[in-house]
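Biologist: Could you take me through one part of this protein slowly, the nonpolar core and what surrounds it? I'd like one connected account.

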Amino acid sequence: MPNFSNQLPPESETKGFDLKRTPPDSPLKGLITSDDIVGCYTHWWGGRTVPCEGDSCEACHNSAPARFHCYLSLCLNGSRQHVIFECTSKAADVLVDWRNTHGTLRGTLLTAHRPKRVKNSKVELLLKHVDLTATILPKPPDVRQALCVLWKLPTTAMPTNDAEHNAPLITPDQAVLNRMRFQPGDGMPSNGKKRRVSQ
Ligand SMILES: [Zn+2]
């Protein structure tokens, strides 16, 4: 039986993080709390976003197009809300360059905007060093785990140790991530490109 109540749960019981994309009308600003980006192919499948699961992916087998997105955790200016930010791989080039140059994204001020101010138009990201001496930067969430919650996947399937190298649900294409991680300036797969199922 469901446990119904006429009371709302306390704030501390609210699980998960909101997913934020760049709005068309005003820039999104905040401090990045994660060290790095997490990238993943996703499909729009069955009326919702699902991560591509590689060779066993139902969406791929039904020729549903896959898109590559990048995610990071962000503490929004003003509201201080801690969210998961999503952008396309094209927009994320600047994040990869910054990470490769400075070693981490954490503590960097991110401004995301759409120059054309139109929904789904190109996103531009600007990064800036800021003085953090008077700022307490919150601990970053496990972005992969937060995505599992957003995508309603069982987080119990997530490895808890060595998460960097073991996240099959979220990082089906390890080769892409390795390339993003270790080769400065190397391009990421273009947005909207159909992901090939390996033979
Ligand atoms: Zn797939």
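Modeller: Happy to! Leaving out residues up to four places away in sequence, Leu 72 touches Ile 32, Ser 34, Asp 36, Ile 37, Val 83, Ile 84, Phe 85, Leu 95, Leu 105, Leu 110 and Val 143, where contact means heavy atoms within 4.5 Å. Please keep in mind that this is a predicted model, in which local features need pLDDT of at least 70, side-chain atom pairs count only at pLDDT 80 or more, and totals for chains, interfaces and linings use all residues. Residues are numbered from 1 along each chain as its sequence is written, and side-chain values use heavy atoms, with hydrogens and water left out.

Leu 72 is also one of the residues that touch the most other members of the largest nonpolar core, a group of 29 residues; Leu 74, Phe 85, Leu 95, Leu 110 and Leu 125 are the others. Such a core is a set of buried Ala, Val, Leu, Ile, Met, Phe, Trp, Tyr and Cys residues joined through side-chain atoms within 4.5 Å, and buried means under 20% relative accessible area with a 1.4 Å probe, protein chains only. Two or more residues come from each of β2 (28–32), α1 (58–61), β5 (66–76), β6 (82–88), α2 (93–102), β7 (109–113) and β8 (124–128). Of these, β5 gives the most, with 6 residues. Here helices (H or I, at least four residues) and strands (E, at least two) are DSSP runs, numbered from the N terminus. Apart from this core lies another, of 10 residues, including Val 143, Ala 146, Leu 147 and Trp 151.

Stepping back, the protein has 4 helices and 8 strands, and 39% of its 199 residues count as buried.

Key
Buried means under 20% relative accessible area, exposed over 50%, partly exposed in between (1.4 Å probe, protein chains only).
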